[in-house]
Amino acid sequence: MVAYIIRRLVSTIAVMAMVGVFVFLLLRLAPGDPAAIMAGKSATAEMIAGIREKLGLNDPMPVQFIRWIRDMFSGDFGTSIFAGRPVLELISQRLEPTISLSILTMILSVTVGVSFGILAAWRAGGLVDRMLTAFATLGFSVPVFVIGFFLIYLFAISMHWLPVQGYRPIGEGLEPWFVHLILPTLTLSLAYIAFIARIARASMLEVLSEDYMRTAAAKGASSYAMLFHHALKNAGAPILTVIGLSFAGLIGGVVITETVFNVPGVGRLVVDAINNRDYPIIQGVLILVSGLYVLINLAIDLSYTLVDPRIRY
């Protein structure tokens, strides 16, 4: 196990190095000049040149990259071009809405998705299975923003049950915080519920067809014992994998959902930074998100031993 963790950490460093190079080059080689955007439409060539010199954009690419890596290792992800404030400070101010939305989404997605998958596998071929399969297909097919606008129209505009947009910090009270996150969470969860349910169903069906499951049924094991004590544990590895992939998929979903519901999270920060070509913010968010994604994958791999004792590293 220790040797495996060391190998994964070494590979993680290599992956993050490649991500760093890719992010740096992608933004630097993209069309457009951030100095010209900062200076405005009425700026002179001298003003633009001064801004480029101040930002260090006239230095060779290798020099810019080394300086960026050096500052990042010292905890300095740069200063926002437009806000004029440290990138980490801006990101930290937007973390609460994004973390709140992500946690609620994963709790709902995992709970409902796994439950639907188990139920569909247990009643394979029946009405419940067909209904859940249709729901999963619908969840995959409909774009997130379409679901969001539909839920806004139904629950906010027509029924007046929930607020249309916005976010309330948890410090202002648990109820307003939760109420403002219901629609974004439902919007973001539907696709992941469908994804997790389909994988859970397929994995459970494979396990339920094994000889030892038929033996357990012949010995009079209850449905609960067969499903949760035998089948679910042996089907857990693929389910854990898809949960990890769902965490990664939240990155793109959160950006769209926060835009639709006007949630001031990291996703909105990235959208604004892209529109303004604010390199430091985009780079900081991408590096932090990439590191989180790699760590989640490592945690998922290590958790396999908890659900399947046959796995050894």
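This is a predicted model: local features need pLDDT of at least 70, side-chain atom pairs count only at pLDDT 80 or more; totals for chains, interfaces and linings use all residues.
I take helices (H or I, at least four residues) and strands (E, at least two) as DSSP runs, numbered from the N terminus. Residues are numbered from 1 along each chain as its sequence is written, and side-chain values use heavy atoms, without hydrogens and water.

**Aromatic pairs**

I looked for rings of Phe, Tyr and Trp (its six-membered ring) with centres within 6.5 Å, calling planes under 30 degrees apart stacked, over 60 edge-to-face and the rest tilted. I found two such pairs in the structure. Phe65 and Trp68 form a tilted pair, because their ring planes stand at 50°, with the centres 6.0 Å apart. I place both residues in helix α4 (residues 61-73), three residues apart, about one turn of the helix.

I then checked accessibility (1.4 Å probe, protein chains only; buried under 20% relative accessible area, exposed over 50%, partly exposed in between). Phe65 is partly exposed at 23%, and Trp68 is buried at 9%. The rings of Phe155 and Trp161 are also tilted, with planes at 40° and centres 6.0 Å apart. Trp161 is exposed at 60%.

**Helices α5 and α12**

I fitted axes as lines to C-alpha atoms over the stretch in contact, with angles from 0 to 180 degrees between N-to-C directions. The axes of α5 (residues 87-122) and α12 (residues 266-276) come within 7 Å and cross at roughly 135°. I list Leu90, Ile91, Arg94, Leu95 and Thr98 of α5 against Val266, Gly267, Arg268, Leu269 and Asp272 of α12, taking contact as heavy atoms within 4.5 Å.
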